[in-house]
Structure formats: structure tokens, C-alpha cells
Amino acid sequence: MVAPSRRAQLRFGHWVSGTADAKKAHDFTVKVDVRRLSAGQTYYYRFLTSDSQSSVGTTLTLPEGSVDLVRLAVVSCANYPAGYFNVYREISKRDDLDAVVHLGDYIYEYSSSADSYAAADAASLNHTFPADNDLELIRLKDYRRRYGIYRGDADLQTLHSKVPFIVVWDDHEVANDAWENGAGNHNASEGDYGIRKLEALQAYFEWMPIRPVIEDNDEAIFRTFRFGDLVDLHMLDTRHMGRDEQLDYLDYFTTGGQLDQARFIADVGSTNRTLLGAEQLLWLQAQMGYSSATWQVLGELAQLKGRQQANDPSLTPEELARINTVAPYNLDAWDGYQYEREVVLGTAKQLNKNLVVLAGDTHNAWANNLKDLNGDQIGVEFATASVSSPGLEEYLELPESLIGGAEQGIGVLVDDLDYLNINQRGYMVVTFTAQEAKADWYFVDTIKSRDYAIDTARSTSRIVRPGAGNRRVESVVT
């Protein structure tokens with residue numbers, strides 16, 4: 001980004017140079033598409049103005065044809081007041097990545113006051129927002145300012161300069177628990193939600209490394225990245241384009257305090273409820289049908305699902321004793337949109353595709369087998385921990401001594417869960433070859449200090465192999 005009223009010059013070695021204007025209409029940000037680049041190549045660039053120049057950045061173009069290996073770092077959920085971006089710093093030390101896949105919540109819309117979400121330590125860490133932006137984001141100028149603060153972080157700047165980002169938004173780029181026409185963190189006193197959403201998404205397109213999918217449209221973001229014949233990465237909008245409002249358990253309790261299970265099951269499985277929307281769902285089905293890549297990869301919201309019935313005959317007596325739910329546990333994710341989830345899984349099954357879902361949003365790391373309602377194994381889900389947002393350990397108010405037991409208990413409640421970490425911040429690297437897709441999780445031991453280390457004791461790996469009869473989470477044999 002460059003200062004107001006200056007012209008920026010983009011240099012790609014000796015091959016390409018040009019000028020672009022930093023205009024007020026785009027918050028003085030500059031975004032340039034460089035044409036006629038070779039596939040699968042590393043390029044270096046910098047921006048020049050009349051009196052300054054940026055550091056040299058590195059990027060890569062997508063490969064074409066036969067590809068042996070693709071390696072992606074996966075991140076989500078970076079809450080600035082919660083702590084330092086040690087995770088970004090750690091990823092920037094690597095030199096083996098093809099891209100960073102950011103699954104959303106790049107910013108948060110909250111203030112950094114002590115009573116705000118995850119901000120109790122912000123003042124002591126000197127991670128509060130400046131006075132002109134220490135508020136809940138509602139207007140365009142506020143969202144723009146927040147991106148400027150995030151992009152001023154040295155660790156995030158370094159990571160952006162070293163490797164290209166592939167991005168998609170989640171809810172906090174607008175407001176918590178957003179859906180197409182509203183959000184949990186929006187009320188009438190804050191004005192028209194439609195205006196708030198469009199202004200927030202405008203700031204996203206201005207500040208983030210992404211071009212409009214549809215010209216002059218700041219709402220469409222779904223698109224495919226093709227890594228030769230090995231990986232097709234489909235980035236999905238599961239928040240702002242076609243999502244129906246989330247269901248609320250409180251709406252299904254009778255006056256006697258009992259859950260109206262029949263009505264709830266009918267609604268949560270309704271064929272009219274959508275997370276992607278008809279346009280995006282048809283696009284995804286067409287992309288998967290057209291693709292001949294070894295791996296079909298979805299970058300999106302969590303697919304993880306819990307047991308639906310406490311009288312499930314597959315449960316052991318010990319499991320029955322521990323289960324206290326008769327319904328899906330996360331109605332904000334695919335659990336609350338079961339019909340459309342079955343369509344997505346059914347498409348992969350019908351097309352005989354090797355499906356890998358890269359998930360964020362929940363702040364917790366896991367590996368999960370994806371099965372349809374018939375119990376057929378379809379693919380796998382690898383979920384990344386958050387960059388700095390707190391996980392289940394804070395929601396459940398768990399001391400460290402109880403973390404292991406909680407993870408074991410959640411494993412009972414959640415079908416087909418193979419691995420879980422609920423209390424550490426970190427990132428995930430997924431490496432694709434023709435023989436396997438391997439997920440490696442890395443966790444920092446703290447985000448409350450700039451002095452940190454990788455917790456090697458809890459870093460772990462899982463793989464999935466392609467082909468019918470495989471497509472399930474497997475432990476790594478060492």
C-alpha cells in the first residue's frame with residue numbers, strides 16, 4: 001500500500017513495469033494484475049514512489065500440466081487484541097510453500113476494550129486499537145482503518161511479502177454470525193445491515209489480495225485455483241451470499257422445557273435451507289464435474305458433525321452415559337444445513353472424487369472423516385487452529401489439566417473424529433502428491449509473548465490416500 005496522492009510503480013524483474021494511481025476512492029490502495037507471466041514460476045516485485053520504495057516481495061504463479069507436489073499453509077481467525085501474530089511469523093520462516101490459504105476472519109469487527117471479545121490482555125500486550133478505530137466496525141471508513149492496522153503488523157507484512165495468499169472471508173469481516181441478510185452482531189440501532197455488509201466487503205476487496213470474480217461485484221468470491229493436474233482448490237463463500245439465517249435451539253423448546261425434536265429435525269434437514277445458495281452450489285458441482293485433478297479441495301466452513309440421536313444403536317453404554325445432546329452441536333456450520341451438505345458430499349461420491357475439506361472458523365484443530373447420512377465414507381476434513389482467537393478451552397473455561405479429558409469427551413460426541421486440539425493456536429500445512437494428502441499441524445506455545453516456541457509434543461500429522469476404498473483419515477506410519 002502507498003501513501004495518498006503518490007504514484008506506485010510495480011517492477012517484476014526486467015520483464016514488466018508500469019504505473020498505477022493510489023486513489024481516495026479505493027482507500028489509496030493499489031492493486032495490479034500483471035499479464036503474460038509464465039506458469040509455475042517465482043517472481044519478485046516491489047512498489048516505488050517518488051521518494052520511497054517497498055521491500056522486495058515474492059510470489060508464485062500457478063503451475064500447469066503435470067505437477068508432482070503442492071504444499072499449502074492453512075490459517076484462519078486472527079484476533080488482534082487477543083495476542084501476537086506469532087503464527088504468521090512462524091509460517092514466514094518457511095520457504096517450501098506454494099500459497100497461504102486464509103479461510104477467513106482476517107480481521108475482527110470488535111473493539112479492543114477489556115470487556116470485548118478476547119481482549120482482556122490487549123492493553124498489557126500493547127495490542128489495542130488507536131482511539132479513532134477502537135470501536136465496533138460499522139461504516140466503510142472504520143473497516144478500512146482496521147485493515148490498515150492489521151496490515152501494519154510486521155509479522156503479517158513479512159508473510160504477505162514472502163508467499164501469495166489465497167483468501168476467502170468468514171463472518172467477522174462484516175459481523176459475528178453473519179448470514180445473507182443479517183448477523184448476530186447487528187441490531188436496528190446500527191443502521192441498515194445491507195449497507196454495512198456492502199461497505200465491509202468493499203474494504204475487503206480494496207485491502208486483500210483478490211480480484212473481483214464478477215466485475216463491479218463485491219459480493220461474489222467463490223472461485224477455483226488449479227494446480228496443474230494435481231489439485232483443484234475451490235474457495236467457497238459460506239457466509240454472505242446464499243446463507244439462510246441460522247436456526248436457534250431456543251425456538252424449538254416447548255413451554256414444558258422439552259425440545260420439539262420432530263420440528264427441529266424437519267427444519268434442520270429442510271431442502272429449502274441453503275448455506276451456499278443455488279448459484280454457488282451449481283457452480284461447485286460443475287467445477288468438480290469438469291475437473292480431472294487428483295484432489296478436489298474445498299476451502300470453507302467446518303463440515304464436522306455430531307451424533308444426532310441419543311439412542312443411536314452404535315453407541316456403547318459408556319458413550320450413552322456421556323452424551324447429553326440429541327441434536328447437531330453447531331448450527332452455525334454445516335450441521336445446521338444438512339440437506340445441502342448431503343448434496344455436496346453426494347456430488348463427490350457420484351463423481352468418484354477424492355475430496356479434502358480445509359476448514360477454519362472454529363479456532364480448533366482436527367482431522368475428521370466425512371460420511372454421508374447413509375454412513376458411506378466420502379472424504380476427509382482437515383481443520384486448522386486459529387492464529388490468535390481463543391478455542392474451546394476459553395468457552396468451556398477449562399484449566400489445562402482438563403484439556404485431555406475434554407478432547408476425549410468431544411470425540412464421543414462428534415462422529416468420525418480422528419484427531420482434536422482445542423486449546424492451542426497454530427497453523428496447518430497440507431502437502432498433496434499423487435499418492436497422498438498429508439496434513440501437519442503446528443502449534444505455538446504462546447501468543448501472549450513475542451518469545452515463543454513450537455510445541456513439538458502436540459504437533460502431529462495425518463494422511464489420506466486417493467481412490468475408492470481409501471479416502472479416510474490415516475495415522476502417519478513412522
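This report walks through the sheets, cores, helices and a few individual residues of a predicted model.

## The sheet from β7 to β20

Let's start with one of the open sheets. Its 7 strands follow the order β7-β6-β5-β17-β18-β19-β20, and the pairing is mixed. At the edges stand β7 (165-167) and β20 (474-475); each has a single partner strand, so one side of each is left without a neighbour in the sheet.

Further in, β18 (residues 437-443) and β19 (residues 460-464) are joined by 5 bridges and pair in the antiparallel sense.

## Nonpolar cores

Which residues have the most contacts inside the largest nonpolar core? They are L233, V356, F382 and F432, in a core of 82 residues. Helix α4 (residues 193-207) supplies the largest share of this core, with 7 residues.

Another core lies apart from it and has 21 residues, including A220, L276, A348 and V357. For context, nonpolar side chains tend to be buried together in soluble globular proteins.

Helix α2 (residues 140-151) makes a handy geometry check. At 1.5 Å a residue, its 12 residues should span 16 Å, and the end C-alpha atoms are 17 Å apart, which agrees. The helix is mostly covered, with 9 of its 12 residues buried. The buried residues are L140, D142, Y143, R144, R146, Y147, I149, Y150 and R151, and the buried residues of α2 pack against α3 (154-162) and α4.

How do α2 and α4 meet, and at what angle do their axes cross? The two axes come within 8 Å and cross at roughly 35 degrees, and the crossing is right-handed. On the α2 side, the contacts involve L140, Y143, R144, Y147, G148 and R151; on the α4 side, they involve R196, E199, A200, Q202, A203, Y204, E206 and W207.

## H160 in helix α3

H160 lies in helix α3. Is H160 buried or exposed? Its relative accessibility is 12%, so H160 counts as buried, the cut-off being under 20%.

Leaving aside neighbours within four places in sequence, H160 is in contact with Y45, Y106, R151, F165 and P209. Of these, R151 is also one of the buried residues of α2. H160 and S92 are 68 residues apart in sequence, while their C-alpha atoms are 8.3 Å apart in space.

## Two loop residues with positive phi

Most residues other than glycine have a negative phi. C77 has a positive phi near 65 degrees and is found in the loop between β5 (70-75) and α1 (86-92). C77 is buried, at a relative accessible area of 0%.

D361, which is not a glycine either, has a positive phi of about 80 degrees. D361 sits in the loop between β13 (355-359) and β14 (365-371). With a relative accessible area of 14%, D361 is buried.

## I422, a buried loop residue

I422 belongs to the loop between β16 and β17 (426-432). It is buried, with a relative accessible area of 0%.

What does I422 touch, leaving aside its neighbours within four places in sequence? Its contacts are N364, G391, L392, E393, L398, I403, A406, E407 and I410. I422 and V343 are 79 residues apart in sequence and 29 Å apart in space, C-alpha to C-alpha.

Methods: Residues numbered from 1 in each chain as written. Predicted model: local features only at pLDDT ≥ 70, side-chain atom pairs only at ≥ 80, totals over all residues. Heavy atoms only, no water. Pairing = 2+ DSSP bridges. Helix = DSSP H or I, 4+ residues; strand = E, 2+ residues; numbered from the N terminus. Core = buried A, V, L, I, M, F, W, Y, C linked by side-chain atoms within 4.5 Å. Buried < 20%, exposed > 50% of the residue type's maximum accessible area, 1.4 Å probe, protein only. Expected span 1.5 Å × (residues − 1). Contact = heavy atoms within 4.5 Å. Axes fitted to C-alpha atoms, helices over the stretch in contact; angles between N-to-C directions. Left-handed = near helix turned anticlockwise from the far one by under 90°.
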